[in-house]
Structures are given as C-alpha cells and as structure tokens.
Amino acid sequence: MKKRGMGGAVQLEGRVAMVTGGGSGIGRASALMLAREGADIVVCDISPEAGQRVVAEVEALGRGAVGFPTDSSDRLQVQELTKAGAERFGKIDILLNNAGIGAYSTIRDLTDEIWDRIVAVHLRSMFLCSQAVVEHMIPQGWGRIVNIISRAAFRGRAGTGPYAAAKGGMLAYSRVLAAETAPWGITVNNVAPGTTLTPMTIGGFPSEQARDQEARSSGVITQPVRLAEADEMAGAVLYLCGPYSAHVTGTTLHVNGGSYMP
Ligand SMILES: NC(=O)c1ccc[n+]([C@@H]2O[C@H](COP(=O)([O-])OP(=O)(O)OC[C@H]3O[C@@H](n4cnc5c(N)ncnc54)[C@H](O)[C@@H]3O)[C@@H](O)[C@H]2O)c1
C-alpha cells in the first residue's frame, strides 16, 4: 500500500484542514504543523487578530490559508467559513475541533450562562463543524476528524464542571461519529492533553516555580517533569490525520506525561 509521507515526503500534501481555535495555542501549533506537512489551512477563530496572524503564518510557509472571524458554536458562521474554504481549495479533508475556553466554577457559583457557553463552545462546536465538513468528506470517501478533549474529562477535579462535562460529551460523541462515518472512509479520534503551556493557561502559572508545581502536583512522570508544549499536541494531531493512522478510529490519544493512564 503506497502511503503519502513515505520516502521522506511530507505527510499531508494536497490535503485541506480546517482548524477551529486555530489562532492560538494548540490550534495554532497544529495549523502550522499540518501546513509544514503540506496541508492548506482554513483557520476558524473567533478572534480576528489571532486568526489573521495565523493565516499570514501559514502563507509564509508557502501554503494556502483562508479565515475570517468565526464563532465555531454558531451554525451560520460555521457554514459560511466551510463554504469559503471549500470554494478556495475545492474540498475539506481534515477537521480539528480545538476551539476552547476555560472556566472555573464549582456547583455553588456555576450559572446557566457559564454552563451553556462552555458546553456550546466545546460540544456544540464539535457537532456543527463536523456536520458541515462531513458533507465534503463523503463524496471523496476520505476524511479525518480530530477533537481536542482533555484529561479533565477523565478526572474529577473540582471547579472544572461544565468544561469536564463538555469534554466528556465530546468523547462520547466522537465514538458515535466514528461509527456513523466509518463507511465513508472517515476516522474520528481525540487527543486528550494534560496541562499544556498556551495563552489559555500561562496566566495561571506565571513563574517557572508555578509551572513546576503544576507539573508535579498533576502527576507528570515523564522526565524532565514539566508541562506539555503545544507542539507536542500538534504532533499527536498530525499522527491522527496522517498516513499511519488509517486503522485508528474512535480512540483517544492521551498526551499528559503519564499523569493519567486509562
Ligand atoms: N492548554 C491546556 O492545558 C489544555 C489542556 C487540555 C485541553 N485543552 C484544550 O485545547 C484546546 C485549545 O486550548 P489552548 O490551550 O490552545 O487555548 P488558547 O486560548 O491558546 O486557544 C484557544 C483559541 O480558541 C479560540 N476560540 C475560543 N472560542 C472560540 C469560538 N467560539 N469559536 C472559534 N474560536 C474560538 C480563541 O480565540 C483562541 O484563539 C481547547 O479546546 C482546550 O480546552 C487545553
């Protein structure tokens, strides 16, 4: 079986990937890694500045990029961006459901608004974006959907209620989607990061000492004990979109320094 990426070539030549939350952190690192591996990128980010910066960064790598401010939890906005991406590149092969926001609320201070927004940005976005791109994957009989979930979906850490529930929902839905889309040559998998240094988390761990403390207390055992880098999540995403994972679907790749072993 001839595979793209064999013999030293890039792994995603000719592919088109839509990356939600592509303007920052894990999404940005993934967009740039997929672009370096040959993919053109549709950047879906609610932040105009962040999205445009990554469009420019992808173009500087010599790949095509399209993107305008898009809320991944809004059906019409997702449809518009998907249409623009498909018109520009002729197709969409890969979707990375990565857009996310953090929140800390325990049961006594959690509000309807916080609950609904967190669940919408993670879980409804996954539904809407997957539904939009699947229509482009079905005719070609090939597609890759990767979801960034979280170690939080597996651990009961106080204060993570709606976030952990939404990520757990994504995990459950990914298995259903994997079963529903397998006949069309589509795989659906998850990457579950442990704490990763990105703009989302860096404010919580502003010093070397705070980062070290978080790595140790969360149970990282890989050496040296440290927090993960966004590129380490991007590498897992690349594997799940690339030529060596065609037999992998409905599963979760945990990238957490051994801090949680399912
Ligand atoms: N950083 C971590 O420690 C960590 C750990 C586990 C899981 N995750 C998950 O990884 C994903 C990426 O997180 P990150 O750390 O890179 O965060 P980040 O804040 O650096 O990036 C998130 C991006 O998503 C965008 N975004 C937010 N809401 C959006 C929306 N409605 N529509 C489109 N774009 C939107 C933001 O503008 C931002 O560019 C998230 O789903 C997060 O839950 C992160």
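1. The largest pocket holds about 1,100 Å³ of space. A pocket is here an open set of points, on a 1 Å grid over the protein atoms alone, with protein on both sides within 12 Å along at least five of seven lines. Grid points are joined across faces, edges and corners, and a volume is the space filled by probe spheres set on them.

2. The model is predicted: local features need pLDDT of at least 70 and side-chain atom pairs pLDDT 80 or more, whereas totals for chains, interfaces and linings use all residues. Residues are numbered from 1 along each chain as its sequence is written, and side-chain values use heavy atoms, with hydrogens and water left out.

3. The lining of the largest pocket comprises 44 residues (those with an atom within 4 Å of a point), and Ile101, Gly102, Tyr163, Met200 and Thr201 lie nearest the pocket's centre. By class, 17 of the lining residues are nonpolar, 19 polar and eight charged; Ala, Val, Leu, Ile, Met, Phe, Trp, Tyr, Cys and Pro count as nonpolar, Asp, Glu, Lys and Arg as charged, and the others, Gly among them, as polar.

4. The ligand sits in this largest pocket, meaning that more than half of its atoms lie within 2 Å of the pocket's grid points. Helix 1 (25-36), helix 4 (112-137), helix 5 (161-181) and helix 6 (199-202) each give two or more residues to the shell around the ligand. Helices are DSSP runs of H or I with at least four residues, strands are runs of E with at least two, and both are numbered from the N terminus.

5. Around the ligand are 31 residues (a heavy atom within 4 Å), and Ser24, Asp45, Tyr163, Thr196 and Thr198 come nearest. This shell has eleven nonpolar, 16 polar and four charged residues.

6. A polar side-chain atom of Thr198 is 2.5 Å from a ligand oxygen atom, and a backbone N or O atom of Thr196 is 2.7 Å from an oxygen atom of the ligand. A polar backbone atom of Ile46 lies 3.2 Å from a ligand nitrogen atom. Taken alone, the ligand exposes 820 Å², of which the protein buries 92% (Shrake-Rupley method, 1.4 Å probe).

7. How many cavities of 30 Å³ or more does the structure hold? There is one, a cavity being a set of points where a 1.4 Å probe fits but cannot get out. The largest cavity contains about 40 Å³ of space. Helix 2 (48-60) and strand 2 (40-44) each supply at least two lining residues, and helix 2 gives the largest share, three residues.

Technical notes
Polar contact = N/O pair within 3.5 Å; in protein donor to acceptor, adjacent residues only side chain to side chain.
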